[in-house]
Amino acid sequence: EKTLYVAENQEQTIWAYALHADGTLGARTVAGKLKEGKPWAGPDGIALDAKGRLLACEYGLSCVAVFEHGELVARVALPDANPSNLEFGGPDHRTLYVTGDQHGAVYTMRWER
């Protein structure tokens, strides 16, 4: 609750802004950068896992990107080319729900953390 994350599709970047106690924003830093260079693809829905890794739907690229300390560490493949939003839930908050615009579906998977 001390950081605001913003996904910017055109730049294919996820920015992090420190939140000050008075509600103002601090300096902008890169929380994640997609390097596909495809103008029709980019980060969409974002979430943090229990270990602080940043997850981002890669709209147009059929996967969820996983960032740790600003570095891309994994991609989780999906059966939908256009994942748009994701959220953790379930009784132990280890179920990842991902919406897919291409098929109008909600995909679920167990998350390790």
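Me: Is Asp 92 buried, exposed or partly exposed, and what is the relative accessible area?

Reply: Buried means under 20% relative accessible area, exposed over 50%, and partly exposed in between (1.4 Å probe, protein chains only). Asp 92 has a relative accessible area of 37% and is therefore partly exposed. This is a predicted model, in which local features need pLDDT of at least 70 and side-chain atom pairs count only at pLDDT 80 or more, while totals for chains, interfaces and linings use all residues. Residues are numbered from 1 along each chain as its sequence is written, and side-chain values use heavy atoms, with hydrogens and water left out.

Me: Which side chain meets that of Asp 92 in a salt bridge?

Reply: A salt bridge is a side-chain nitrogen of Lys or Arg within 4 Å of a carboxyl oxygen of Asp or Glu. Here the partner of Asp 92 is Arg 110, at 2.8 Å from N to O. Arg 110, at 48% relative accessibility, is also partly exposed.

Me: How many salt bridges are found in the whole structure?

Reply: The search finds four. One of them joins Glu 58 to Arg 75, with the closest N and O atoms 2.5 Å apart. Glu 58 counts as buried because its relative accessibility is 1%, whereas Arg 75, at 37%, counts as partly exposed.

Me: Which residues are linked in a network of salt bridges?

Reply: The network links Asp 49, Arg 53 and Glu 112. Within it, the closest N and O atoms of Arg 53 and Asp 49 are 2.9 Å apart. Arg 53 is buried at 7% relative accessible area, and Asp 49 is buried at 6%.
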